[in-house]
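Please read the following report alongside the sequence and the structure.

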Amino acid sequence: MNSTNNVDFLKSLVEEKYKVNKTEVIDQYQISFEVEQVEVHRLLSELKLEGWKQLSYLSAIDWIDENEFEMVYIVFNWDRPVHVQIRTRIDRDKPVMNSIMPIFEGCKYYEREAHEMFGIKFPGNPDHEKQLVLEEWDDMPPLRKDFDPQAYSDRKFPVREYNNDFVELNGKKSKQKDRLKRAERIEQVGKRGNK
Amino acid sequence: MESTKYTQPVALSKKQVDRKWWEIGDFFRRNSLWMLMYCTGCCAIELPPAMTSAYDMERLGMGPMATPRQADVLLVTGYLSLKTLRRLIYTYEQMSEPKYVVGFGSCTINGGIYHDSHAVINQLDQYIPVDSYVAGCMPNTEAVMNGFVDLIELIKNKKANGWKNYHTNNAWYKKNQIDALGEVRIKDEFHQ
């Protein structure tokens, strides 16, 4: 059993029965299928029967320009060493994805994380709205692209104020002015430019 | 003729006697510091060489302690997310007095490379008093050892007063904690 056969096996298994929008063979150990939202559960349970019985990861990607979230499920088989990524696009304004807890029960915590970081709801997972990593969070989900972490940090955590009083240590002249001059020169003419 | 070998004992006031006892206490305290390592960030990797034969902090009289109630020094090694800050405040308040705090790395000073993170605080001394800082990202082990010597000097000169400030400015510290955390009480699945 060699690994090119594994990729071919997977391609024929998935592409014959399911409507695949996009197949991407990354290398001989990784393959990605983009399918419709309604087919994810059926595809994952079939892969589980074929031996892809470990859910390695579940997360989301925020495609803000297309106003969509992309869900990614990564499953792994210990006999045929191929990571399979199942991707699907869901609406960004009302992100709802049915839980895959009946198939992979361990997804419970990944789904809680995805709910916390992206605000995706997972009906079927009884705990998906419980807090996991962020405690007492009071803003929009932080991994959405329209969240500004700098603004949140400035609002919430005070920034230390500094005076530009450089200490002359042991009677030596401070090099700070030379450093600033050098930084300015590099900005103007580049690192190898003339003085 | 009056003896020069003998001086008449002077009656000390209670305040002076207390001061003498504190000086004796400080002598023993600074030569036997038990530290609680709160290894939150990457600066914790500087502690193994500082503790073992390379720099051997036991020659300063410092040793590791496993529990907060018996420890004297709290080492905060690196960045603190809001989640760990809650646990850190719990830990700090459990320590018996006098207690000292050493902040490692630029993260505890001004946020370091996490200055723009939504989950990481910028200044540790807004939430608990810090006696000594070790600057650097990350500080090398000489700097860490130097920070410990600085702390010992501070205790000797009676300047390590962070734990007293926590009493006198308690309202200010509590307000900052609540501004950043919402509520200090931990509510997770293990505390329900």
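Which residues in H1(B) meet which residues in H5(B)? Asp26(B), Arg29(B) and Arg30(B) are the residues in H1(B), and they meet Ile152(B), Ile155(B) and Lys156(B) in H5(B), where a contact requires C-beta atoms, placed from the backbone, within 7 Å. By class this contact has 2 nonpolar, no polar and 4 charged residues; Ala, Val, Leu, Ile, Met, Phe, Trp, Tyr, Cys and Pro count as nonpolar, Asp, Glu, Lys and Arg as charged, and the others, Gly among them, as polar.

This is a predicted model, in which local features need pLDDT of at least 70 and side-chain atom pairs count only at pLDDT 80 or more, while totals for chains, interfaces and linings use all residues. Residues are numbered from 1 along each chain as its sequence is written, and chains are lettered from A and ligands numbered from 1 in the order in which they are written.

| Helix pair | Angle | Axes |
|---|---|---|
| H1(B) (residues 14-31) and H5(B) (residues 141-156) | roughly 175 degrees | within 9 Å |
| H3(B) (residues 82-94) and H7(B) (residues 170-181) | about 150 degrees | 11 Å apart |

The angle of about 150 degrees makes H3(B) roughly antiparallel to H7(B), a term for angles over 145 degrees. Leu82(B), Leu85(B), Arg86(B) and Ile89(B) of H3(B) make this contact with Gln177(B), Ala180(B) and Leu181(B) of H7(B), and its residues divide into 5 nonpolar, 1 polar and 1 charged. H1(B) and H5(B) are likewise roughly antiparallel to each other.

The contact between the chains takes 18 residues from chain B and 15 residues from chain A. On the side of chain B, H3, helix H4 (105-110) and H7 each supply at least two residues, and the largest share, 3 residues, comes from H3(B).

Chain A has 5 helices and 5 strands, which follow the pattern α-β-β-α-β-β-β-α-α-α along the sequence. The radius of gyration of chain A, taken over C-alpha atoms, is 25 Å, well over the 16 Å that the globule rule gives for 195 residues, so chain A is more spread out than a compact globule; that rule is 2.2 Å times the number of residues to the power 0.38. Along the principal axes, the C-alpha atoms of chain A fill a box of roughly 75 × 45 × 35 Å.

Terms used
Axes fitted to C-alpha atoms, helices over the stretch in contact; angles between N-to-C directions. Helix = DSSP H or I, 4+ residues; strand = E, 2+ residues; numbered from the N terminus. Parallel < 35°, antiparallel > 145°, perpendicular 65-115°, else oblique. Contact = placed C-beta atoms within 7 Å.
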